[in-house]
Structures are given as C-alpha cells and as structure tokens.
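Open the model in your viewer and keep the selection tool at hand. The stops below say what to select and what to look for there.

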Protein chains: 2
Amino acid sequence: MKIIVLGGDGFCGWPASLELANAGHSVLIVDSLVRRQIDEELGVDSLTPIAPTDQRIKSARDHGMGSIAFERLDVSSDYDTLLKVVTDFEPDAIVHYAEQRAAPYSMKSSWHRRYTVNNNISATHNILSAIVDSRRDIHLVHLGTMGVYGYNTIGAVVPEGYLDIQVPDANGDFQQRSILYPADPGSVYHMTKTQDQLLFYFYNKNYKVRVTDLHQGIVWGTNTALTLKDESLVNRFDYDGDFGTVLNRFLMQASCGYPLTVHGSGGQERAFIHIKDSVQCIRLALETPPAAGERVRIFNQATEVHKVLNLAHLVARVTGAEVQHVPNPRVESENNELKIKSEGLIGLGLQPTRLSEGLMGEILETAQKYRHRARLDKIPCTSSWRA
Amino acid sequence: MKIIVLGGDGFCGWPASLELANAGHSVLIVDSLVRRQIDEELGVDSLTPIAPTDQRIKSARDHGMGSIAFERLDVSSDYDTLLKVVTDFEPDAIVHYAEQRAAPYSMKSSWHRRYTVNNNISATHNILSAIVDSRRDIHLVHLGTMGVYGYNTIGAVVPEGYLDIQVPDANGDFQQRSILYPADPGSVYHMTKTQDQLLFYFYNKNYKVRVTDLHQGIVWGTNTALTLKDESLVNRFDYDGDFGTVLNRFLMQASCGYPLTVHGSGGQERAFIHIKDSVQCIRLALETPPAAGERVRIFNQATEVHKVLNLAHLVARVTGAEVQHVPNPRVESENNELKIKSEGLIGLGLQPTRLSEGLMGEILETAQKYRHRARLDKIPCTSSWRA
C-alpha cells in the first residue's frame, strides 16, 4: 500500500511510519518539523536524543526497515504543494497526525489558542480538499482524541463515536437514532478535534471520502520494537508541562527524584494506550479500510482506563517517589467515572498491551538513561485554563 | 448600549446597524468590505445601487438616525487591530455577521471551500479571543443558520438549539439529557456554522462568555422602514446564483421576464424570515442578554416554513411568470418536511411579519425599479456540490 504519513516525524507518527515501512508499505513522511521548533520556543528538548529526520530515515533503511521518503511541508498553509504531493505520490491512504496536539500548549496564551485553531482546522480541511481535488479514492486515517467526548456530559458508557438515542418524532412517538456523540471539549486543542469531526462528517457525506477517526487515549511508553533497534531510531519522550503526558511524566519525575505532581485531587479517570498498541492500531485501520459509501468509521483507540491518582500511587510504590498535589491548571471536574467501549480495533486484530510494572520498568530505564538531559524547571504546567 | 456590528455593511448588517443606531445605541461598524469585492469577482452587483459605506453612514446621520462609526478591518486576519478596536470602543455587545454567508459560493471550487473555512473559523475564533483578551463582559450575538440542523437527520420538531434525549447511563437506566442538536450541515458554509457552535460552546463553558446564537432562516425582502428613507440608504438585493436566495430571486426573475428556476423537485421545505423581522430580532436579543453563567442561548430566527415549489407557484400566480425545474446543484434530499420551534424571540417581543402578497408587491416594485441593472446571465447557480 502507498501511504502518506502527515506529521510522521512526531511522537506517534515516527514509530507508526517505521511500523508501516517495515510491514512492506511504501511510506512518504510529510512533516513541517514545527514540533521540533516548538521545543526551541519552550526551551526544552525530548528527554531522548532524537536524530534529525533525514538521519532517522537513513538509519531505518540501513536496518532493513524499508524505504521511507520525506517531504518537508506545512500542510496547513501550503495547499498547492500538498495537492502536488498527493497527486504525484498516488497514495492509497493518508494518515493525519499533522496537528498541534497538546492541550496545555493550546491554552498558554491568546496566540497559542489562535495558532492551534488556525493550524489544526486548516490542516484537516486542506487534506480533505486535496483528497477531493486529486480525484483519487484515498482512505484518510485521522488521530482524534478520547477528549472529544468530554467526561461528564451524558453519563453513558462512551461508545465508539456514535450514540444511540431515543427522540420524539413530529408525532411525539420515540424513535431510535444514531448520532455523533455530543462533543464536550475540555481545551482549545480538544475543541479543534471536535471541529475536525464535522469536517469529516461533511466530506464523507457529500464527497464520499472514506475516513477512519481514531479517538486515542493518553499514550504511555516511548519505544516500539523498531525504535529500540538503534539509538538513531529512538522516539521522542516529552516531559515538559505542555507536551508531557501523565504516566510518562510520573515515571520521568521518579527517575529524577522529583515529586509526582498530581493536578488537583487526581480523581480524573482517563483512557490510556501504550505506544506499541497505538502504531498497531494505525496499521490495522489502514489494512482494513471502511467500505465505499460507509459513514465515518470511528474507533476508540484506548485499551484501559485509570484514575490519575492511582497511577501516581502505583509509580510511587514501584519507585519510592513522593506524591504531591498541585493546583489544577484546568477548568474541569476533578472526579469523574469513565466507562468506554473499545471493541472495534480488537475486532481488527489488536492484542492489547495492558499496564504492567514490567513495561513501566522499561520506561524508567529510558528515563534514567537520559535524565542528565532533563530540565526540571520545565516540568510544571504553567498554562492556565483561566483567563 | 455600545455595540460593534461586525459585517455591518452587508445585507443583514446594514439595516441592523441603522435600526440599532436609530434606537439610540452607539454603533461601530467593522467591515472588511470583502462582500463588495466578491461582487467584483463574480461580475455582478446588488440589484439596488448601494452607496459607498461612508456615504451611507453620512446619510444616516443627516436623516437623524444617530451617529455610526466605521472601521475597515478584516477580523479574520488582523487580530491585533481587532483587539485594539474592542479595547478602545469598550462595547457592551458585539454582533457578528463577519462571515462568508453563501452556500453556493462556498462550494464553487476548492479555493472557495478553503476560503470559507479559513475565513469563518478564524473570524469567529478571533472575536471570542478578543472578548477574553479585553477582559470585558461583552455579549456576543452571532448570526447562525437554520441549516446547522439539517433536514432529515433526526425527525424531531427542530427545537431552539438543544435537543432533549433519552440515553442509557452506565447501569442501562434511561436518563434525560439536553444536548446541542446533532449537526447535519449541507454545504461547506453550513459546516462552518456548525463548527462555530463548538467555539461558542467551549468559550462559554471555559471563559463564561455570554453568547446568543441566532439560527436564521432564509431572509426575504430588501428594505426596512429606515433603509427606505433615502436611496442612499437602500439595502443590498442579491439575485445571482451564489448570493441570491430563493424568494427574492423568484421575485426578481418575475420582474425581468425570466422563468422561476426551481432546483430539482422544489419539495425542499425551508424556514423563512423577513428582513424587517431579522433586524428586530437582533435588537431584541441585544436588549435582553442572557444572564451571566447561562449556557449559549440559541434561538431560531425564523417565522414560518414553506416548500420552495409552493413559493414558486405563489409568485407565478401573482406575476404570471413561468415555473421551470432545473437540475439541483446540491447533494440533498429534494423532499423533506420541516417543523420548527421559534418561540424564544417571540418571547422577547418579536411580532412576526408573515409572507403576504402585499410585502411581495413591495419587493416586486424594488426589482422592477432596478431591473435595468440586472445581468440575467448571472442568475443560474453554476456551483456544484459534486466533485
């Protein structure tokens, strides 16, 4: 299969690109490298020393993982080149990771809110437009987020994208309908993903574009079997207050002798998935695309749920680290129950990797190996959801 | 009250600005004048000869309708100036008409799709950001569209924004919930209005911005009592295939001896409102804002529903014009039933102007007076919803 991976230099995009190339697919990474520029803006760097993009790609070829092409391009602002790339490469599928993906970064300031909205909406819409304009039947696989559902709106078990409801018809008789789950975004970043859903809905309805939207949980872990093959293939490890995510951050904090900082009570229940499973899900979704004419296919790309405080206590038990509650920068309920369905990707063949002390040990090893690279002053979240 | 009217030079914005100024409010029109530029792009002009913006405003003052200030500004692209204008003027409310508002224009080409998305989403988000950044409690009144609901998705009587549904909770017991009505946009333009709803939802939830979203039906009529006071105050009259809307277009076609072109069967049932009522609704929504902390207030700004074919037959009966069916450029169901609720604005004091042959006569007079300005070759809709 010929696959374009937009955002293929990023935390999820890079191991997915390796996985797809190694499975025999022809991969073209398209990336603006803006994520590396944001590291410079924030004065941080991946805890792991990630190689320049061309060096990573050369190393992948040297290790027999297949040939990956690369085009540096900002898909949110350079439509003409995007269309040319799509037309020339003739992909069967496009994987879309090319969005600003951090909630705290999206809430840092007015500029960051506007950057996130303009960048993410333009990127997604440009990609859909290029698919239509190319006149090719291209399957679009998008990385969404479990955060589109919110955490308290409905009270139902969170289904995979669509909610069955009872509504009265014009005669007052109740009828069953399947609707897109009512969106309840918790940040500007999450809001853009709920807006993306409407872009997919319309382009699927009007132009019959085949779309899979994968609502991913919080990713933990750093490496896959392929990124472990050589240090030049290593994946990003974000620990800063903007891009660091909760379980990886706790393990890094424990490795550095830094208390495990829990935002508010820690009663927030969230969905999680290991990076190894994340890349498998992408491959599975690509290899079994939705049928022509099918509505937007939505899967929950998450394998388990945990309360943040329980994760902190688990890491504390394994490492001896101290747990510290800090003020919550977010405007959110600090106690919620989360029940989710996630059967779709298992139906395609996913074998879930559950949270285990063994896998946590692997992350701890990585964090300890590179802890001399950490800037501890960058750990606290300095964004605020309050004006 | 101090009110900024964004898009105050347009078809709805201009008569609303006059109404508000004449009612004693202090009005600042902010407009990029892009709508006049689009006329040039399309090679058409308003059927009525609209005066330049500064001349209109001078005439309004000369006729004792109060003082209107004007700032030429593109709110979608010049955020810093927008924030300065909001900070300096210190408005109590902002009316937001500053979006590309034509479905056919939004579907003309790839460029037009992308222009509509980028322009409309950036405009709405910049305005919300400016309200937050100004640190003022400003009531935002937005012109939405009845098209956010779609025409066939649910089958319920279309409520004012929110739908009461029954959903099973985690125990399988059905609970009543109030959700934003499931969006079903029929064009890229309509899609942007459904995305706007999510912007309002988040900024209201997180930053407590007070928002009224007015889902307007198809506007008919041209003039209000105030725009009739002098030819220099006359309102726009669009009849071209992109910006012309159905009832006004039929009346113009009848005046020019052009057959009444019905797209497809004409069985589409749509919501309507007269321009006189549209401006009253804006004033009423502004003068009774939602309370602090209230969720986004949504009203259906429409007073009646009609099937397109019935309107064509009505105009044919009054004028003797011929009805002609032409291929439908849209991808849509050509037969639907529409039942709507629209009690909110009546509760605020709206006295609906119903469709009558008398008011149609007024529009016919206007159309006949200016028919020498018409370009008949611009009447057909050349946009297509098909790739």
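In which sense do E11(B) and E13(B) pair, and over how many bridges? E11(B) and E13(B) are antiparallel, with 4 bridges between them. Strands count as paired if DSSP finds at least two bridges between them. Strands here are DSSP runs (E, at least two residues) and helices are DSSP runs (H or I, at least four residues), both numbered from the N terminus.

Before going on, note that this is a predicted model, in which local features need pLDDT of at least 70 and side-chain atom pairs count only at pLDDT 80 or more, while totals for chains, interfaces and linings use all residues. Residues are numbered from 1 along each chain as its sequence is written, and chains are lettered from A and ligands numbered from 1 in the order in which they are written.

**The sheet in chain B**

Select E9, E11 and E13 of chain B: these 3 strands make an open sheet in that order, with mixed pairing. At the edges are E9 (218–220) and E13 (304–307), each pairing on one side only. From one strand to the next, the twist averages 45 degrees.

Now select E11 (residues 269–274) of chain B, which runs parallel to E9(B) and is joined to E9(B) by 3 bridges. Along this pair, B:Val219 stands opposite B:Ile273, and B:Trp220 stands opposite B:His274. Towards E13(B), B:Arg270 has B:His306 as its bridge partner.

Why is E11(B) largely enclosed by the rest of the structure? The reason is that 5 of its 6 residues are buried. A residue is buried if 20 or more other C-beta atoms lie within 10 Å of its own, exposed if 12 or fewer, and partly exposed in between, with C-beta atoms placed from the backbone.

**Where the chains touch**

Show both chains: the contact takes 45 residues from chain B and 45 residues from chain A. Two residues are in contact if their C-beta atoms, placed from the backbone, lie within 7 Å. On the chain B side, select H6 (110–134), E6 (162–168), E7 (174–180) and H7 (188–207), the elements that give two or more residues. H6(B) gives the most, with 12 residues.

How values were computed
Axes are lines fitted to C-alpha atoms, for helices over the stretch in contact, and angles run from 0 to 180 degrees between N-to-C directions.
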